[in-house]
Amino acid sequence: MSKSTIMLVCAAGMSTSMLVTKMQKAAKEKGLDAEIFAVAASEADKKLASQTIDVVLLGPQVRFMAKQFQEKLEPLKIPVDEVINMADYGMMNGAKVLEQAVQMMEAKVGQGNE
């Protein structure tokens, strides 16, 4: 798999940035070339306009925005998951959240949307 870009969307970016660090560590351990970053929901549109994103994961605190993100990202062919698994988020399980993102990207490739 070529370099992937994973964007996590949250309310303010504080706790999610800790999760990003753990996801980056897990990616390095797996030998995955991935850029992983978190943005506040209010900044997501700017990032989407300025950077190629492969997958978007929503933090539990912005789950109410899931439908809005799905409608926005579907025409761009960017997979978005409704919400990061609450237990994985709470335990800052970067490996599991990374696995969730990788599965979404693989499904996208399997559908011929790359």
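**The sheet and its surroundings**

Guide: Strands β1 and β3 run parallel and are joined by 4 bridges. Please keep in mind, as we go, that this is a predicted model. One of the pairings to look for is M7, whose bridge partner in β3 is V56. Stepping back, β1 and β3 belong to an open sheet of 4 strands, in the order β2-β1-β3-β4 and with parallel pairing. The edges are taken by β2 (34-40) and β4, and because each has a single partner strand, one side of each has no neighbour in the sheet.

Now let us see what covers the strands. Helix α1 lies across β1, β2 and β3, and runs at about 175 degrees to β2. In general, nonpolar side chains of soluble globular proteins tend to be buried together. Here the largest nonpolar core has 19 residues, and those touching the most other members are I6, L8, L19, M23, I36, L57 and L98. Two or more residues of this core come from each of β1 (4-10), α1 (14-30), β3 (55-58) and α5 (94-110). Helix α5 gives the largest share, with 6 residues.

Beyond its sequence neighbours up to four places away, I6 touches M23, E35, I36, F37, V55, L57, L98, A101 and M105. Apart from this core lies another one, made of 17 residues that include V56, M65, L73 and V80.

L73 takes us on to helix α3 (residues 66-73), where A66, F69 and L73 are buried. These three sit on the same side of α3, because the arc they cover around the axis is only 65 degrees. As for their partners, the buried residues of α3 pack against β1, α2 (44-50), β3 and β4 (80-81).

Back in strand β1, have a look at T5. T5 counts as buried because its relative accessible area is 9%, under the 20% cut-off. Leaving out neighbours within four places in sequence, its contacts are E35, F37, Q51, T52, I53, D54 and V55.

Helix α2 holds K47, which counts as partly exposed at 29% relative accessibility. K47 and M7 are 40 residues apart in sequence, yet their C-alpha atoms are 8.9 Å apart in space. Besides M7, K47 touches F37 and V39, again setting aside residues up to four places away in sequence.

Most residues other than glycine have a negative phi. K77, in the loop between α3 and β4, has a positive phi near 60 degrees although this residue is not a glycine. M92, in the loop between α4 (86-90) and α5, also has a positive phi, of about 55 degrees, without being a glycine.

Notes
Residues numbered from 1 in each chain as written. Predicted model: local features only at pLDDT ≥ 70, side-chain atom pairs only at ≥ 80, totals over all residues. Heavy atoms only, no water. Core = buried A, V, L, I, M, F, W, Y, C linked by side-chain atoms within 4.5 Å. Buried < 20%, exposed > 50% of the residue type's maximum accessible area, 1.4 Å probe, protein only. Contact = heavy atoms within 4.5 Å. Arc of directions from axis to C-beta. Pairing = 2+ DSSP bridges. Axes fitted to C-alpha atoms, helices over the stretch in contact; angles between N-to-C directions.
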